[in-house]
Amino acid sequence: MSESATRLSVFKTYKLYVGGKFPRSESGRVYEVTDSKGKWLANAPLSSRKDARDAVVAARKAFGGWAGATAYNRGQVLYRVAEMLEGHKNQFVREVAEAEGLSKSKAAEVVDAAIDRWVWYAGWTDKIAQVVGGANPVAGPYFNLSTPEPTGVVTVVAPQDSSFLGLVSVIAPVIATGNTAVVIASEKSPLPALSLGEVLATSDLPGGVVNILSGKAAEMGPHLAAHQDVNAIDLTGATEGDLARDLEIAAADNLKRVLRPRTEDFAESPGTDRMTAFLETKTVWHPTGSLGASGSSY
């Protein structure tokens, strides 16, 4: 190549992340993603209802294995995701800075906080059962034990203005507790979410545990909210108009668990609310004493 020749940049092609693979939108549609100043950054896939259905199928297929994994194993997998994010830190700093109009130093702080958030939830996987479960007092010769179980497939409408820290803050608690997720990324800033899919694919997270769609929440949301194989929906990013209300009404058709939008600072300590929101309690009764199978007290 001559010294005078100008090298053309290789632009990144962003794709969806569904079932551990990277499909383009079934519709073939894309839309322009711009930075905070309106400069073109990339074309993102504009997901269709078919893409949403495929994501639900993948999430349901992955649920049994992920929910059946030990809490310790899930914690190790989440920690591995944090390791991989650390290795891709520079890429996410650039994407967050462009998406949110931040300086590189401020974007680096956001990315560090997001990685730390993964580690924080990784540490909770084998502790949440002790916090929200336990033995219950019973007026009779019985043991009454309550244990938390994952709800199932959770649709997550990611925050619109917190493209990475907010995104991690709504995905990590869902999968830490054994659920699988179908995520609708921020419409205006989807690139960090789509890049997160690349990290998840190269970590130890089984395909289908997290599925990431980009496009319009107003288009995919009603279909996912009404989908009979979706068990819960997080409406954090459904802030446009009456979208949250409409999705909540659609979700009532099969009694989904619904987490409504609320004002929150994702930089603050998250607490356990987002984990317990998508847990169900199973209570087991067991006779003791003369009613027990062995006739002895336990």
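Reader: Which residues of α1 are buried?
Author: In this predicted model, the buried residues of α1 are D51, A52, A55, V56, A58, A59, A62, F63 and W66.

Reader: Where is the kink in α1 centred?
Author: The kink, of about 40 degrees, is centred on A62, and A62 is also one of the buried residues of the helix.

Reader: What does the side chain of S48 do at the start of α1?
Author: A side-chain oxygen of S48 comes to within 3.3 Å of the backbone nitrogen of K50 there.

Reader: Switching to the surface, which residues form the nonpolar patch?
Author: The patch is made of F143, L145 and V284, which together have about 230 Å² of accessible area. Of these, L145 has its place in strand β4, residues 142-150, and is partly exposed, with a relative accessible area of 42%.

Reader: What about T151, buried or exposed?
Author: T151 lies in the loop between β4 and β5, and it counts as buried because its relative accessible area of 10% is under the 20% cut-off.

Reader: Which backbone atom does its side chain reach?
Author: The side chain of T151 reaches the backbone oxygen of F278, at 3.0 Å.

Reader: What is the phi of L255?
Author: L255 is not a glycine, yet its phi is positive, at about 55 degrees. As background, most residues other than glycine have a negative phi.

Reader: Where does L255 sit, and is it buried or exposed?
Author: L255 is found in the loop between α9 (243-251) and β9 (257-259), and with 74% relative accessibility it counts as exposed.

Reader: OK, salt bridges: how many does the structure hold?
Author: There are 19 salt bridges in the structure. One of them joins the side chains of R29 and E219, at 2.9 Å from N to O, and this pair links distant parts of the chain, since R29 is in the segment before β1 and E219 is in helix α8, 190 residues apart.

Reader: How accessible are R29 and E219?
Author: Both count as partly exposed, R29 at 31% relative accessibility and E219 at 29%.

Reader: Which residue does K216 meet in a salt bridge?
Author: The side chain of K216 meets that of E187, at 3.1 Å from N to O. K216 lies in the loop between β7 and α8, and E187 in the loop between β6 and α7, so the pair ties together parts that are 29 residues apart in sequence. K216 counts as partly exposed at 36% relative accessibility, and E187 is partly exposed as well, with a relative accessible area of 25%.

Reader: How far apart are the closest N and O atoms of E248 and R260?
Author: They are 2.1 Å apart, in a salt bridge between the two residues. E248 lies in helix α9 and R260 in the loop between β9 and α10, so the parts that this pair ties together are 12 residues apart in sequence. E248 is partly exposed, with a relative accessible area of 29%, while R260 counts as partly exposed at 40% relative accessibility.

Reader: Last one: which residues do salt bridges with shared partners join into one network?
Author: That network consists of D234, R262, E264 and R274.

Note on methods
Residues numbered from 1 in each chain as written. Predicted model: local features only at pLDDT ≥ 70, side-chain atom pairs only at ≥ 80, totals over all residues. Heavy atoms only, no water. Bend = angle between axes of the 7 residues up to and from the residue. Helix = DSSP H or I, 4+ residues; strand = E, 2+ residues; numbered from the N terminus. Buried < 20%, exposed > 50% of the residue type's maximum accessible area, 1.4 Å probe, protein only. Polar contact = N/O pair within 3.5 Å; in protein donor to acceptor, adjacent residues only side chain to side chain. Patch = residues over 30% accessible without salt bridge, like charges linked within 9 Å, V, L, I, M, F, W, Y side chains within 5 Å. Areas by Shrake-Rupley, 256 points an atom, 1.4 Å probe, with all protein chains shown as cover. Salt bridge = Lys/Arg side-chain N within 4 Å of Asp/Glu carboxyl O.
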